[in-house]
Amino acid sequence: MGASSARYNIYSKIHRGLRALMGETLTRVGRADPADEAQVSDALAAVESLLELCSWHLEHENHFIHPAMELRSPGSAHKTSADHVHHLDTIAALHREIARIRGASAECRALRMEALYQQLGSFVAENFEHMLVEESYNNAVLWDCYHDDEILALERALVASIPPDKNARILAVMLPAISTPERDALLGHLRAAAPREFFEGLLALLLPRLSPPEKAHLRAAFA
C-alpha cells in the first residue's frame, strides 16, 4: 500500500463526491414528512438528481476506464462491469418507485416513502462497496498497466467528453467533498483553463454547499 499510495488515483475525488451526495440524499428521504407535499417533492427531486449523476458516472467508467483496463489486462473489468449492469437495473427500479409515490394517495404515501428509503439505502450500500473495489482492485490494474501520465491523459479525455452543463453539476458535487488543498488546486486549474462564465457559474453552485470558513477561504482565494 505504501508504494501505491503515491500513484494517481483516478477514482478518489469523484467517489468522495458521490459518497457525500448519496448520504445526503438518503438522509433527505428519511426525514421527509410524507404528509408535506413540498418535502416529498424536494426529496424525490433529490433522488432523481442523484440517480442521473450515478448514471453519468457509470457511463463514463464504461466508456473510458473499463476499456483501458481490458486493453492491457483482458478480463480485468468483468467484476465492476457486471456490477454496473445491476446498478442500472436498480436505478430503473428506483425511478419506478418514485413514480408510484407521485401517483399514491395521501394514505399510501408514508408506506411508499419507506419503501423508497429502504431501496435507496440498499443502493447506497452496494455502491459504497462497489466504489471500494474500484479504488483497490481496479486501481491496481491501472497502476500495473499504465504510467501516471497515461492515467491522467485518460482522465482528461473522460472529462473532455462531458458537456459543460453536466460537468458543472458533477464538480459542484465533487468539490465540497474533497480537501481544501485539493479544491484550491482544481479550482486554480479551472480558473486558468475554463471560460470565465463557466468558472463563475461553478462558484455559484459550489458556495452554498460549503461551510462558513470554507466559503470565506474560497472568496479570499478566488474572488
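How many cavities of 30 Å³ or more does the count come to? The count comes to one. This is a predicted model. The report starts with the overall fold, moves to the core, and then takes the cavity and the pockets in turn.

**Overall fold**

The protein has nine helices and zero strands. Along the sequence, the pattern reads α-α-α-α-α-α-α-α-α. The radius of gyration is 19 Å, close to the 17 Å that the globule rule gives for 223 residues, so the protein is as compact as a globular protein of that length. Along the principal axes, the C-alpha atoms fill a box of roughly 60 × 50 × 30 Å.

Of the 223 residues, 40% are buried.

**Nonpolar core**

The largest nonpolar core holds 61 residues. Its largest share, 13 residues, comes from α2. L120 and L187 have the most contacts inside this core.

Which residues does L120 contact, leaving aside its neighbours within four places in sequence? They are T25, L26, V29, V47, L50 and L94.

**The cavity**

The largest cavity has a volume of about 80 Å³. Its lining counts 15 residues. Nearest its centre lie L18, H57, L58, H87 and N127. The largest share, five residues, comes from α4. By class, the cavity lining has seven nonpolar, six polar and two charged residues.

**The pockets**

How much space lies in the largest pocket? The volume is about 980 Å³. The lining of this pocket has 38 residues. E155, V159, L171, M174 and L186 lie nearest its centre. The elements giving two or more residues to this lining are α1, α2, α5 (148-160), α6 (164-174) and α7 (180-193). By class, the lining of the largest pocket divides into 25 nonpolar, six polar and seven charged residues.

The second largest pocket has a volume of about 300 Å³. It is lined by 14 residues, and the closest to its centre are L21, S49, L53, V173 and R209. Two or more residues of this lining come from each of α1, α2 and α6. Which element gives the most to the lining of the second largest pocket? That element is α2, with five residues. The lining of the second largest pocket has eight nonpolar, two polar and four charged residues.

| Space | Volume | Lining by class |
|---|---|---|
| Largest cavity | about 80 Å³ | seven nonpolar, six polar, two charged residues |
| Largest pocket | about 980 Å³ | 25 nonpolar, six polar, seven charged residues |
| Second largest pocket | about 300 Å³ | eight nonpolar, two polar, four charged residues |

Start with α2. In the second largest pocket, α2 gives the most to the lining.

How values were computed
Residues are numbered from 1 along each chain as its sequence is written. This is a predicted model: local features need pLDDT of at least 70, side-chain atom pairs count only at pLDDT 80 or more; totals for chains, interfaces and linings use all residues. Side-chain values use heavy atoms; hydrogens and water are left out. On a 1 Å grid over the protein atoms alone, a cavity is a set of points where a 1.4 Å probe fits but cannot get out, and a pocket is an open set with protein on both sides within 12 Å along at least five of seven lines; lining residues have an atom within 4 Å of a point. Grid points are joined across faces, edges and corners, and a volume is the space filled by probe spheres set on the points. Helices (H or I, at least four residues) and strands (E, at least two) are DSSP runs, numbered from the N terminus. Ala, Val, Leu, Ile, Met, Phe, Trp, Tyr, Cys and Pro count as nonpolar, Asp, Glu, Lys and Arg as charged, and the others, Gly among them, as polar. A nonpolar core is a set of buried Ala, Val, Leu, Ile, Met, Phe, Trp, Tyr and Cys residues joined through side-chain atoms within 4.5 Å. Buried means under 20% relative accessible area, exposed over 50%, partly exposed in between (1.4 Å probe, protein chains only). Contact means heavy atoms within 4.5 Å. The radius of gyration is taken over C-alpha atoms; the globule rule is 2.2 Å times the number of residues to the power 0.38.
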